[in-house]
Amino acid sequence: MGPTTARRLCVALVLALSACGDDGGSGGNTSAISTGTERDGGRAEDPPEVEAPTGADAPDHEVRSEDANAYLCGYDDEDAHDWPGSERFGEVAVGNDGRGFALAHHDPDGALYLEAIEVGRGELAQGSVRLHNPQDDPRDVALAAVSGTFVMLLRSGGALLLRTLDGESEPEVLTDALAADRDGRPFALVAQQDHFVAAWIEDGGALRLQRLTGAGALDGSPLSLPTEATPQDLQLGRLDEGKTLLAYFELDGGEGRVMAQVLDGALAAQGDSVQVNQNAVAAARFDLGARRLSAGVLFHAQEGGVRDTVKYRRIDPDGQPSQPVLNVVNAPGRARDGSITAFGQGYAVAYRALPSLGVDRPTLRIAFVNQFGRIVHEAELGETSEDGGRTSITATAGAELLVGWTTRWPSGPRTHALQLDCPGALILCGGSVE
């Protein structure tokens, strides 16, 4: 990346992150396990609903729950973005520091671009900034932020690169022996209160952990964590008291399972790892969201070996699953490519709903889970394609959400981003609107 591009990158991020005064990004967990047939848990009653803004404050588009016609979110025309996508790379990476969103995506040639989006305004802070050329072979990406410092992990060939998005730092190689892609992303990144934690899988199956300073620099040497089987997909979540939740997908006798392990502030394992799912997980790619007092794991399963569905399970701060596995989509509905982020005292979940009985076209949907593990409301955000890879979602500590996804249309692939202001959903998820 040359000096001109570096300056543009720095300007784009500064513009985005100066849009709002708060630095409240949400970073963006032994009990019996049920069969997962339950769809709701916790209290039956809902908090008071929020009235939709009117007059000059009215959004161009309202998102209302399909079951109760409750106002959940709103967005304006300029909050929806799309770019030409890549046939090779079907996912986007998103992150925020409470003041601005960052989104990384690929163009049709395979080059990696960064977008900076101002929280609360929806406008792109600057034009697309090219981070890596196709010759660099930039692949999977992870983003996180601490106090306005954005850090990126990306795969370039067989190497895992670390870079700070400050417009000045050059990428640093964390490992040049990253594990081959096995339908998962073999690395993860999370923002703690004042530092970052990275994890990756090397050739041969070794799982490495690395602490990074709040400025994105290496802090000590990589640590190793033994696992029973070679992980194929990794996720990290921020727990209380400086602890980190590591979740990973592994194959055991041909059946997929998601494991959870609590790490202390020194990245040492606390207790034993626990299995999150009961029935076999259908694909390596899963997602993890964490907030104060709990984390939520979202994974892909196949009921009866044929019906694609997305399931959710709460994880306590001690790393133990405390509630039953819940279906995000009940039979005969079909879904996949889910993502989850902490939102209010619960979670926001994005997923791709597939055609099924009564559903004639694939759509992108969003569901909100309250602090008791209950799916309080859900809504459709728009039409999408059946294929396109895992969705991405991130939320501020307020009511702002950014959802990213890709589509594969006959006319060619596209990358999409939608910023939502969701005060109604925030209250339903146990949060409050100032």
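**Figure 1. Asp252 and its salt bridge to Arg257.** Asp252 is partly exposed, with a relative accessible area of 42%. Here buried means under 20% relative accessible area, exposed means over 50%, and partly exposed lies in between (1.4 Å probe, protein chains only). Asp252 forms a salt bridge with Arg257. The closest N and O atoms are 3.1 Å apart. A salt bridge is a side-chain nitrogen of Lys or Arg within 4 Å of a carboxyl oxygen of Asp or Glu. Arg257 is buried, at 11% relative accessible area. This is a predicted model: local features need pLDDT of at least 70, side-chain atom pairs count only at pLDDT 80 or more, and totals for chains, interfaces and linings use all residues. Residues are numbered from 1 along each chain as its sequence is written, and side-chain values use heavy atoms, with hydrogens and water left out.

**Figure 2. A salt-bridge network that includes Glu91.** Salt bridges with shared partners link Glu91, Asp233, Arg285 and Arg390 into one network. Glu91 sits in the loop between β3 (80-84) and β4 (93-96). Strands (E, at least two residues) and helices (H or I, at least four) are DSSP runs, numbered from the N terminus. The side chains of Glu91 and Arg285 make a polar contact of 2.3 Å. A polar contact is a pair of N or O atoms within 3.5 Å; within protein, one must be able to donate a hydrogen and the other to accept it, and residues adjacent in sequence count only if both atoms are side-chain atoms. Neighbours within four places in sequence aside, Glu91 is in contact (heavy atoms within 4.5 Å) with Arg285, Gly388, Gly389, Arg390 and Thr406.

Figure 3. The side chains of Arg64 and Glu62 meet at 2.9 Å, N to O. Arg64 is partly exposed at 30% relative accessible area. Glu62 is partly exposed too, at 40%. Asp97 and Arg99 also pair through their side chains, at 2.9 Å, N to O. Asp97 is buried, with 2% relative accessibility. The whole structure holds 24 salt bridges.

Figure 4. Strand β25 covers residues 346-354. The two run antiparallel, joined by 8 bridges. Strands count as paired if DSSP finds at least two bridges between them. Arg336 has Arg352 in β25 as its bridge partner. The hairpin has 2 residues between the strands. Gly344 takes a positive phi near 65 degrees there.

**Figure 5. An open sheet of 4 strands.** The order is β20-β21-β22-β23, with antiparallel pairing. The edge strands are β20 (287-291) and β23 (326-327), and each pairs on one side only. Strand β22 (residues 307-315) is joined to β23 by 2 bridges. Lys311 stands opposite Asn327 in β23.

**Figure 6. The chain as a whole, as context for the close-ups.** The secondary structure comes to 2 helices and 30 strands. Of the 434 residues in the chain, 57% are buried. The accessible surface is about 16,600 Å², and 45% of that belongs to carbon and sulfur atoms. Accessible areas come from the Shrake-Rupley method with a 1.4 Å probe; for residues, only the protein chains shown count as cover.
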